[in-house]
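My notes follow the order in which I checked things.

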Amino acid sequence: MTMLYRLIHVEKVNYPIVLLCRVLRVARSSYYAWREGASARQARRAADDALAHEITVLHIASRRTYGVRRIHAEL
């Protein structure tokens with residue numbers, strides 16, 4: 001489904017969104033929900049990357065001896 005939404009997003013400069021959704025048999029509301037969710041997905045991805053970095057820093061600081069339990073306790 002994501003590919004259809006991306007296609008609509010790219011082609012909206014050439015064709016109306018209503019027509020694209022009708023041809024691809026996608027509800028307009030679903031497309032708009034996907035589009036609005038892009039910022040939330042980007043924020044979540046940034047938060048995940050920051051957490052992964054923090055875990056890596058803790059692991060290296062422990063001379064690579066801390067496992068899941070100790071890393072979790074440190075966080």
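I started with α1 and helix α3 (residues 28–61), whose axes lie 10 Å apart at an angle of about 85°. Axes here are lines fitted to C-alpha atoms, for helices over the stretch in contact, and angles run from 0 to 180 degrees between N-to-C directions. Helices (H or I, at least four residues) and strands (E, at least two) are DSSP runs, numbered from the N terminus. The angle makes α1 roughly perpendicular to α3. I noted the scale: under 35 degrees is roughly parallel, over 145 roughly antiparallel, 65 to 115 roughly perpendicular, and the rest oblique.

I then listed the residues in this contact. From α1 come Thr2, Tyr5, Arg6, Ile8 and His9, and from α3 come Ser30, Tyr31, Trp34 and Arg35. Contact means heavy atoms within 4.5 Å. By class, the contact of α1 with α3 has four nonpolar, three polar and two charged residues. Ala, Val, Leu, Ile, Met, Phe, Trp, Tyr, Cys and Pro count as nonpolar, Asp, Glu, Lys and Arg as charged, and the others, Gly among them, as polar.

I wrote down the ground rules. The model is predicted, so local features need pLDDT of at least 70 and side-chain atom pairs pLDDT 80 or more, while totals for chains, interfaces and linings use all residues. Residues are numbered from 1 along each chain as its sequence is written, and side-chain values use heavy atoms, with hydrogens and water left out.

Next I checked α1 against α2. Helix α1 (residues 2–11) and helix α2 (residues 17–24) have axes that come within 10 Å and cross at roughly 150°. The two are therefore roughly antiparallel to each other. I found Leu4, Leu7, Ile8 and Glu11 in α1 meeting Ile17, Leu20, Cys21 and Leu24 in α2. This contact of α1 with α2 has seven nonpolar, no polar and one charged residues.

How do α2 and α3 pack? Their axes are 9 Å apart, at an angle of about 110°. That makes α2 roughly perpendicular to α3. Ile17, Val18 and Cys21 in α2 meet Arg28, Tyr31 and Tyr32 in α3. I sorted the residues of this contact into five nonpolar, no polar and one charged.

Tyr5, Tyr31, Tyr32 and Trp34 form one aromatic cluster. Rings of Phe, Tyr and Trp (its six-membered ring) pair if their centres lie within 6.5 Å; planes under 30 degrees apart are stacked, over 60 edge-to-face, and the rest tilted.

Last, I viewed the whole chain. It has four helices and zero strands. Its C-alpha trace spans about 60 × 20 × 15 Å along the principal axes.
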